[in-house]
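Here is a short report for a reader new to this structure. Look at the sequence and the model first, then read on.

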Amino acid sequence: MKSPVRIFFLSLSLLTVLSAAPAKNEKISLSIDGMAVRDLIKLVAATTKKNIFIGEDIPGTISYAGNKPITRKDIYGLLQTTLESRGYTMVDTGGGYLSVVKIADATQMNLPFMEKSDIPQMQTNIFSFHFASAENMGIKIKHFTSKNGKITASKESNSVIVTDFPENIETIKKAMQILDTRDEAIANTTHVIPLKNADAKSLVTTLNTIIAKMALIPGQQPPSITSDDSTNSLIIIASDELFKSLENTILSLDNDRQQVYVRAKIIEISENKSQEIGIKYGLSGGVAGSHGLFTFNSLLGDGKTSALSLDSRLLGAFSIPAISSGIALGANIALLNSNGAADILSEPSILCIDNQESSIYVGKTQSISSGVTQGVGTGITQNYTRQDIGLTLKIKPRLSNDNKVLLGVMAKLEDIEPNSVADRPSTTKREVLTSAIVNNGESVIIGGLIREKMDETNTKVPFLGDLPGIGDLFKSKVASRDKINLVIMLTPYIIEKSGDLNSLRAQLTELDAIQARYVNQITKNFDTKKEIKP
């Protein structure tokens with residue numbers, strides 16, 4: 001084995017090589033005392049057989065106490081350390097020589113890119129991450145770079161570009177392997193949650209309000225939420241930690257929402273005809289007494305009481321609350337209708353979701369003259385507009401405690417004045433906005449939508465009224481003014497679950513049949529009393 005070649009330099013002495021330059025793997029024993037930096041560059045050039053360009057004078061001297069032999073690569077390291085301490089470095093120009101430049105300028109030069117170099121010069125590497133974000137990693141690895149190292153983060157590719165010396169890049173590479181691990185509190189994951197009951201689009205608005213008030217830890221991104229309307233699903237991009245907190249909220253909001261089945265009756269009641277048959281509108285329904293009997297009292301023509309009883313065992317077969325007053329009120333309306341005092345225009349039903357508005361429209365669209373247009377050579381053109389004429393009913397039920405329903409109701413009636421000109425009719429609009437709290441199965445009545453009606457009745461004596469000349473003596477014409485009350489009766493029924501709807505409809509159908517039977521019984525009782533009246 002060859003003995004190491006020993007080179008000694010005295011203070012401020014010229015370069016003296018005691019033997020020929022060592023082979024590639026041969027070590028050198030080196031000791032320096034007060035050597036000028038420029039002379040050190042010359043020493044390294046002679047030892048490594050490299051051409052080194054010195055663009056400007058670098059002041060100062062160095063001393064190095066060598067107790068162990070060093071390799072040629074170590075000589076480069078010694079020179080680089082000396083240059084770096086003075087703000088300089090050495091780069092391979094690719095033109096057959098090395099160049100001593102300022103470090104600040106070196107980062108702008110064509111440095112080796114992700115490849116090894118014969119000398120320990122600055123180089124550029126790109127590090128990509130699987131879990132960590134480039135911005136966060138750029139901050140963390142800054143501590144491992146040299147004074148003049150440069151780091152650039154790329155958010156698009158989630159990577160960082162590092163320009164530094166090889167030993168620093170090696171340290172950064174090791175740090176990356178440790179730091180680039182999944183942080184459950186920060187790393188984002190995509191989650192898809194199909195909703196069973198809630199509306200995805202509406203829920204996004206609610207959740208975004210909650211997200212705006214979330215407290216985030218450093219590096220944690222706020223969750224991103226969008227909705228897919230076709231599948232009624234939520235798409236959430238968030239860390240697992242934040243997703244868990246949101247998931248509990250979503251499950252609470254996506255519960256099985258109760259529904260309210262609302263039966264409506266839209267009725268026109270003639271005030272005159274109601275008085276004629278002796279029934280005052282708005283009679284209270286019957287009550288269940290201590291004997292379990294349900295009594296329906298109705299003032300008929302002679303002011304006497306007509307009683308109707310329902311066995312409590314029959315009523316007990318139904319689960320609908322307020323059933324007694326419901327049948328009584330329904331019988332009142334049916335009795336008015338059978339005697340011509342009431343006209344049931346429509347009986348729509350609507351299934352509403354709790355705290356969500358639903359609407360019913362009953363009417364027609366009619367052409368109404370909007371004026372004429374005088375055209376050139378075409379004459380006069382009559383213009384028309386299409387206008388909705390009828391009743392619009394909006395209902396918003398909200399369930400409260402104790403089996404009660406808060407009904408928000410808006411009723412708007414648009415009609416044509418009966419005495420209007422045919423081609424230029426006048427329209428009227430009547431609107432009621434109200435709220436009421438009712439029990440499950442209890443009816444609420446909306447009135448006050450009144451219009452006046454003129455009736456003309458012609459009577460004549462048979463045969464005599466048709467005689468010419470004197471026939472008018474046997475005829476009479478009576479004009480009467482009547483008030484028509486438009487009444488809306490709403491009855492809400494709480495649906496606990498979807499399967500209860502069919503059962504409810506069956507019970508309502510049976511109750512309607514019971515109501516019809518008792519209306520017939522009342523009518524028969526009344527007719528019988530009229531016949532035996534002295």
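## An exposed aspartate and its partner

Asp57 is exposed, at a relative accessible area of 54%. Exposed means over 50% relative accessible area, buried means under 20%, and partly exposed lies in between, with a 1.4 Å probe and protein chains only. The side chain of Asp57 meets that of Arg38 in a salt bridge, 3.9 Å from N to O. A salt bridge here is a side-chain nitrogen of Lys or Arg within 4 Å of a carboxyl oxygen of Asp or Glu. Asp57 sits in the loop between S3 and strand S4 (61-64), and Arg38 in helix H1 (residues 37-48), so the pair ties together parts that are 19 residues apart in sequence. Arg38 is partly exposed, with 35% relative accessibility.

This is a predicted model: local features need pLDDT of at least 70, side-chain atom pairs count only at pLDDT 80 or more, and totals for chains, interfaces and linings use all residues. Residues are numbered from 1 along each chain as its sequence is written, and side-chain values use heavy atoms, with hydrogens and water left out.

## The whole protein

The protein has 11 helices and 25 strands. Both are DSSP runs numbered from the N terminus: helices are H or I with at least four residues, strands are E with at least two. Of the 534 residues, 37% count as buried.

The accessible surface comes to about 31,000 Å², and 52% of that belongs to carbon and sulfur atoms. Such areas come from the Shrake-Rupley method with a 1.4 Å probe; for residues, only the protein chains shown count as cover. Take the contacts between residues at least 6 apart in sequence: 63% of them join residues at least 24 apart. Contact means heavy atoms within 4.5 Å.

## Two further salt bridges

How many salt bridges does the rule give? The count comes to three. Side chains of opposite charge can pair when their charged atoms come close.

Lys265 and Glu347 meet through their side chains, 3.9 Å from N to O. Lys265 is buried, at 15% relative accessibility. Glu347 is partly exposed, at 47%.

Lys173 and Glu170 form a salt bridge of 3.8 Å, N to O. Both lie in helix H5, three residues apart, about one turn of the helix. An α-helix has 3.6 residues a turn, so residues three or four places apart point the same way. Lys173 is partly exposed at 33% relative accessibility, and Glu170 is partly exposed at 42%.

Which residues of helix H4 (residues 134-141) are buried? They are Ala134, Met137, Gly138 and Ile141. These residues cover an arc of only 105° around the axis, which puts them on the same side of H4. The arc is that of the directions from the helix axis to the C-beta atoms. The buried residues of H4 pack against strand S8 (150-154), strand S9 (159-164) and H5.

Asn168 is found in H5, which spans residues 166-179. Asn168 is buried, with a relative accessible area of 16%. Beyond its neighbours within four places in sequence, Asn168 is in contact with Phe144, Thr145 and Ser146.

## One aromatic pair

The count of aromatic pairs comes to one. The ring centres of Phe53 and Tyr97 are 6.4 Å apart and the planes are at 70°, so the pair is edge-to-face. Phe53 is in strand S3 (residues 52-54) and Tyr97 in the loop between strand S5 (88-92) and strand S6 (98-102), so to speak distant parts of the chain, 44 residues apart. Rings of Phe, Tyr and Trp (its six-membered ring) pair if their centres lie within 6.5 Å; planes under 30 degrees apart count as stacked, over 60 as edge-to-face and the rest as tilted. Phe53 is partly exposed at 45% relative accessibility, and Tyr97 is partly exposed at 36%.

## Two positive phi values

Most residues other than glycine have a negative phi. Asn232 has a phi near 50°, a positive value. Asn232 lies in the loop between strand S11 (224-228) and strand S12 (233-239).

Asn355 has a phi near 65°, also positive. The loop between S19 and strand S20 (358-375) holds Asn355. Asn355 is partly exposed, with a relative accessible area of 40%.
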